[in-house]
Amino acid sequence: MKLYAAIDLHSNNSVLVILNEADRMVLQRRVPNNLERIREALCPYGEQIEGIAVESTYNWYWLVDGLMDTGYRVHLVNTAAVKQYEGLKYKEDVDDARWLAHLLRLGILPVGYIYPKEARGVRDLMRKRNQLVGQRSRQILSIENMLSRDTGGRASANEIKRWQETDVDQLALAESSRLAVKSNVAVMHCLNEQIPRLEAEILRKAKLRPDYQGLLTVSGVGKVLALTIALETGEVSRFATVGDFSSYCRCVGSEHRSNGKKKGNGNVKNGNQYLAWAFVEAANFAVRYEPAVKRFYQRKCARTMPVVAIKAVAHKLARACDHVMRDRVPFDVQRAFA
């Protein structure tokens, strides 16, 4: 008999449900988030289990990797695409797990991509690097705001990056404000030490990737953006069409239309936020330094708002990067922005 399992994953426990071919409950159990305990619960049904659906929550790595290492066929659920009947009067965790197992049995379970375990660490290291860069920028902005508020003066970001405690002592600030600025400077220096360490390790592991080398030829894309695009994309062949890739990068519109009229918006956040950021950054650099891209941007600006024009450039770059990675060819700006 074929069985279909699903796990409703939480922060400290999981609800496990197994259905048979007749959609009847074979097992219903809440277990702590311990891989051995979950394996023990699944063990009596081992070879009969056709697949296990696991929610794509923030903490799925350990569970999906562990189950796959055991030999189970795991499906990572695209939770944004799973919809239940909204008129239910009462629902709890076991109902969520049962619904996932039901969809798996019917063969209509919306699934996400399980990024390969061996490559996932480098991608997450890149995310950590970008997080630290954002925190460093917040420290600099905090200092700039404090200077403007307390003294009416200004200092550039490049100047602030070179500051030491002795430089802060020379500022015309109150003692409490000076201490606050010193705290920002200390955190900034700490981040300045950690960011290059992460970058060196990421480059060491990723610089030989052919897709990374090809992305360096794209207008507006430097080392950091090329690494972000390559690592967040993974295997570009997992996208059936260039339109699917552009949609995943949040570079296409999201709206509902009927009879030629707009009836509402879709899920504009459906996709990869890191790729969305990377292509908007690349678009801004390309408009600044590439004449062909600048002319395209100016034509768009004549008909719409600048933010929409930048998004159009980002869309063009996303399509071009799909071609570069898929076909292993260099970027052709005239072809992309003819």
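Predicted model: local features only at pLDDT ≥ 70, side-chain atom pairs only at ≥ 80, totals over all residues.
Figure 1. Glutamate 201, with a relative accessible area of 26%, is partly exposed.

**Figure 2. The salt bridge between aspartate 23 and arginine 105.** The side chains of aspartate 23 and arginine 105 meet in a salt bridge, at 3.2 Å from N to O. This pair links distant parts of the chain, for aspartate 23 sits in the loop between strand S2 (13–20) and strand S3 (25–32), whereas arginine 105 belongs to helix H3 (residues 93–106), 82 residues apart. Is aspartate 23 buried or exposed? Aspartate 23 has a relative accessible area of 15% and therefore counts as buried, since the cut-off for that class is under 20%. Arginine 105, at 24% relative accessibility, counts as partly exposed.

**Figure 3. Backbone angles of aspartate 23 and arginine 250.** In the loop between S2 and S3, aspartate 23 has a phi near 65 degrees, which is a positive value in a residue other than glycine. Arginine 250 also has a positive phi, near 60 degrees, and is likewise a residue other than glycine. The place of arginine 250 is in the loop between H10 and strand S6 (255–258). With a relative accessible area of 23%, arginine 250 is partly exposed, while aspartate 23, at 15%, is buried.

**Figure 4. The salt bridge between aspartate 69 and lysine 117.** Here the side chains of aspartate 69 and lysine 117 meet in a salt bridge with an N to O distance of 3.8 Å. Aspartate 69 is part of helix H2 (residues 61–70) and lysine 117 is part of helix H4, so that the pair ties together parts of the chain that are 48 residues apart in sequence. Aspartate 69 counts as exposed, at 56% relative accessibility, and lysine 117 counts as partly exposed, at 49%.

**Figure 5. The largest pocket and its lining.** The largest pocket has a volume of about 1100 Å³. Of the 33 residues that line this pocket, those closest to its centre are Ser56, Asn78, Tyr248, Gly271 and Asn272. Which elements give two or more residues to the lining of the largest pocket? They are strand S5 (74–77), helix H4 (117–150), helix H10 (242–248) and helix H11 (273–289). By residue type, the lining of the largest pocket divides into 14 nonpolar, 13 polar and 6 charged residues.

**Figure 6. Serine 142 along helix H4.** Serine 142 lies in helix H4, and at 27% relative accessibility this residue counts as partly exposed. The view also takes in glutamate 118, which is 24 residues from serine 142 along the chain, and the C-alpha atoms of the two residues are separated by 38 Å.

**Figure 7. A nonpolar patch on the surface.** Met305, Val307 and Val308 form a nonpolar patch on the surface, and together they have about 280 Å² of accessible area. Valine 308, one of the residues of the patch, is found in helix H13, which covers residues 306–327. The relative accessible area of valine 308 is 37%, so this residue is partly exposed.

**Figure 8. Isoleucine 49 and proline 306 in the setting of the chain.** Isoleucine 49 has its place in strand S4 (residues 49–55), where, at 10% relative accessibility, it counts as buried. The C-alpha atoms of isoleucine 49 and proline 306 are separated by 53 Å, and the two residues are 257 residues apart along the chain. For the setting of this view, the C-alpha atoms of the protein chain fill a box of roughly 75 × 55 × 45 Å, taken along the principal axes. The secondary structure of the chain comes to 14 helices and 7 strands, and 40% of its 338 residues count as buried.

Definitions and conventions. Residues numbered from 1 in each chain as written. Heavy atoms only, no water. 1 Å grid on protein atoms, 1.4 Å probe; cavity = no way out; pocket = protein on both sides within 12 Å on 5 of 7 lines; lining within 4 Å. Points joined across faces, edges and corners; volume = space filled by probe spheres on them. Helix = DSSP H or I, 4+ residues; strand = E, 2+ residues; numbered from the N terminus. Nonpolar A, V, L, I, M, F, W, Y, C, P; charged D, E, K, R; others polar. Patch = residues over 30% accessible without salt bridge, like charges linked within 9 Å, V, L, I, M, F, W, Y side chains within 5 Å. Areas by Shrake-Rupley, 256 points an atom, 1.4 Å probe, with all protein chains shown as cover. Salt bridge = Lys/Arg side-chain N within 4 Å of Asp/Glu carboxyl O. Buried < 20%, exposed > 50% of the residue type's maximum accessible area, 1.4 Å probe, protein only.
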